[in-house]
Amino acid sequence: MKYHQILHESKEVRNFSKTILVKKDQNIETETLMEFIAPNTTGNTLIKAVVMPGGNLSLKGTIHIGKNAPGAQANLKHNILLVGNNSHAISIPQLEIENNDVQASHSSAIGPVDQSQLFYLMSRGFSHQSAIKLIIKSFIAK
Amino acid sequence: MIKLNNISVSIDQKPILSNISFDLKPGQITALMGPNGSGKSSVAYTLAGHPDYQITSGEIIFNKKNINNLSPDKRAVLGLFLANQSPIAIPGLNVKNFLWQLYKNHHPDKTLTLSEFRNLLETEAKYLDIKNELLDRSLNDGFSGGERKKMEVLQMVITEPKFIILDEIDSGLDVDALKFISQRIKKLATDLNLSILIITHFAKILDYLKPTQVIILKKGQIKTIGDADLINQVEKLGFKD
Amino acid sequence: MSKTKYQKPDYKYGFSTPEISVFKSKKGIDSNIVKTISSLKHEDKKMLNFRLQAYQYFLNESLPSWGPNISNIDFDDIYYYLKATDEESHTWAKVPSSIKNTYDKLGVPKAEKQYLGGIKAQYESEIIYGSLIKKLSKQGVIFCGMDEAFKKYPNLLWSHFGKIVPPDDNKLASLNSAVWSGGSFIYVPKNVKVDLPLQTYFRINSQKMGQFERTLIIADEASFVHYLEGCTAPIYSTNSLHSAVVEVYVKKNAHVRYTTIQNWSTNVYNLVTKRAQVEENGVMEWVDGNLGSNVTMKYPSNLLVGKNAHAEVLSIAVASGIQHLDTGAKAIHLAPNTTSRIISKSISLGGGRSSYRGTVYISQGATNSRSKVVCDALILDKFSRSDTYPVNKNYEKSASLEHEATVSKIGQDQLFYLMSRGFSKSESEGLIVNGFLAPLVKELPLEYSLELNRLINLQMSGSVG
């Protein structure tokens, strides 16, 4: 899936977010491109994903701020949770900035289920499976 | 020393101060008070030459010179010092090195050697109760509110200005810190015959640095100018008419 | 500091290098040139075949499709072998005035100016060099030129050479493998810690940093060494292509730090392949400073093959004017509990373009591994450009891979604060920029960090280049 957004009006604000669940043995590829071509624009891209065992995720996200887009504020976030064996994720967040009067940032995290959260829930009586489900739910909700 | 004649100021074409006029003589302490949002900090930034603050009419005369169009560094070199409410951090800028540069910039003819300067720094830091290790860190980076304000005062001592603006230097300070800072400023004021503009909400600092002139600001305009008696009124009645 | 011109060997220290007459190959490359290079160096058949095979790879491979535009390199318009006492009849007059001006402003003394401009040899270094070499050989440390290393230690060399960066790795590495000359060889025996940084400066029996240097470092178990190459002051080179290859072996429990500062003149394409293989509990640190060249493509890479291996890359790039610096790092996690940290700080000004390019790959089975990448970029004016091109692959459910990047201009509040203290606008910008780079600059040896700060301030005030 490819998502292309262009901020072409002065002071335009765009917030794009997506939550992806990669099921067992599924392969998902998603690409986003946000282009800033007008002054004082604001654009945020947030992609959250959960990759189940055997799932494969490829996420590419580009922020391009052009010469004619001073005052741009851009942010891109990839937040990916690897749940089980053979979960694979690739994150390619890119920034191309041609103007200095901007604030641009991106962050990408591909990581495991928090073991201390898992232990805490299990110590409260949740089975391993239910605990993982809860953690995934709260990851998506936050 | 400094005179504001009918100063009106806008930010992004939005008026925030209108028709502000007052003056300070050498050695005079003036308090600038008013409710939140009255424009007190705006007066401070306008005096210091912050680029966001556009003077739309009037003039600021500092030592007989019109400084409306002077950049902040030129005003600083003339002897104007703004002690910030929330001093910004500059990661990677070592405090000692910064202060040494500051000293050299403001005293081109002075003869303190680097080691004499270091001794001076340590003495001053002790006086202000600034931990020595802070001097080896990045300016304001990870410093508490109180530590940052003490840093401002340390810089004041080093630059030896003629006119200082204290922008709510008392907010967030504990009783002891307020005492150290106020006493140090008072000594500096006496030594240098400093003019001081104190911007504050609370009268406590005014016990240490007693103003002879009090200005009340409301909605970007001067409501009243009076003497120290005004302070009692404000304490009793607040800022309502 | 930088390399001296070739000097006749000093037999006092017990090193002998074969006599090599003045020679300059014709421009361009073909298998005859490769053969001539090999015979002039009196190499054995094994090396000759290695070179010839590499040349074939070079012909068959294509330039990378990503990165800065290097299609302008005319491989036929380059001298591939220069070995002489008078390299290109350098005169001080021929050194570009922008470089001469920089030396003036840096306050570099006259003799050094000529040296850095590539004229005079440094004779004073002999004395320091002599005592250092004595100490090192007592410890069993080998530090010599690559040419010599092959003659003296062929088994050691052949068991390590061309394995981390094989001759068919990429087009520029193939080229280097075919025509390489010069470079350092370092071997540190088990448990030996070399406390003084080893610099190319000390190897006076090598020519100044050549176009196609090949460096090989082997740090045996539990050893430590810090290798330093380059120079902050601008080096004028008439050679427009520099393509070095560096291979580093960090064996079990060993620790290697490799510091490079380059400030090549802006006619140079600087395309380098640097890679380390890190074994169990090993630590590899790269400190990479990129100031010069027209185009630089350099991504110190780390293969973390043993458990608990750790790699760190600290990268600074300052791109101004016509420069395009495409730099970064790679970390490949192939064993459990491995960690990597990549910190990149770049500045673009005056139309320059600085790009971070990196890859972190955590393979399945590299359990509990962790990687963190932080890239911060400052663009100082509206003519300049900054990019970030990271690739993050995590195939291990227990591993964590984090990456953050920011791009901005100098903070206006910080600028106002310093100006309100009496610093002029450009002084304030200089202080902020130096502060921005400070955490990485402090990892450099002191004389480099001082010079680097001054050099950056000069560049920012627009008074050079």
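Predicted model: local features only at pLDDT ≥ 70, side-chain atom pairs only at ≥ 80, totals over all residues.
The C-alpha trace of chain A spans about 55 × 30 × 20 Å along its principal axes. Of the 142 residues in chain A, 35% are buried. The contacts within the chain also tell us about its fold: when residues at least 6 apart in sequence are considered, 76% of their contacts join residues at least 24 apart.

The two helices of chain A can be looked at as a pair. Two packed helices are described by the angle between their axes and by the distance between those axes. Here, helix α1 (residues 115-123) of chain A and helix α2 (residues 128-141) of chain A have axes that come within 9 Å and cross at roughly 125 degrees. Because of this angle, α1(A) is oblique to α2(A). The crossing of α1(A) and α2(A) is right-handed. On the α1(A) side, the contact is made by Gln117(A), Leu118(A), Leu121(A) and Met122(A); on the α2(A) side, His128(A), Ala131(A), Leu134(A) and Ile135(A) take part. Sorted by class, the residues of this contact of α1(A) with α2(A) are six nonpolar, two polar and no charged.

Next comes the place where chain A meets chain C. In this contact, 31 residues of chain A touch 30 residues of chain C. Strands β7 (88-97) and β8 (102-112) of chain A each supply at least two residues of the side of chain A that touches chain C, and the largest share of that side, 11 residues, comes from β8(A). The side of chain A that touches chain C is made up of 13 nonpolar, 15 polar and three charged residues. Strand pairing also links the two chains: β8(A) and strand β21 (residues 400-408) of chain C run antiparallel and are joined by eight bridges. As an example to find in the structure, His106(A) stands opposite Ala405(C) in β21(C).

Strand β10(B) has parallel partners. Strand β3 (residues 29-33) of chain B runs parallel to β10(B) and is joined to it by four bridges, with Ile29(B) standing opposite Ile196(B). Strand β9 (residues 163-167) of chain B also pairs with β10(B) in the parallel sense, over five bridges, and Phe163(B) stands opposite Ser195(B).

Finally, chain B also touches chain C. This contact takes 20 residues from chain B and 18 residues from chain C. On the side of chain B that touches chain C, α2 (72-78), β7 (90-94), α3 (95-106) and α5 (145-159) of chain B each supply at least two residues. That side of chain B consists of 11 nonpolar, eight polar and one charged residue.

Note on methods: Residues numbered from 1 in each chain as written. Chains lettered and ligands numbered in written order. Axes fitted to C-alpha atoms, helices over the stretch in contact; angles between N-to-C directions. Parallel < 35°, antiparallel > 145°, perpendicular 65-115°, else oblique. Left-handed = near helix turned anticlockwise from the far one by under 90°. Contact = placed C-beta atoms within 7 Å. Nonpolar A, V, L, I, M, F, W, Y, C, P; charged D, E, K, R; others polar. Pairing = 2+ DSSP bridges. Buried ≥ 20, exposed ≤ 12 C-beta atoms within 10 Å, placed from the backbone.
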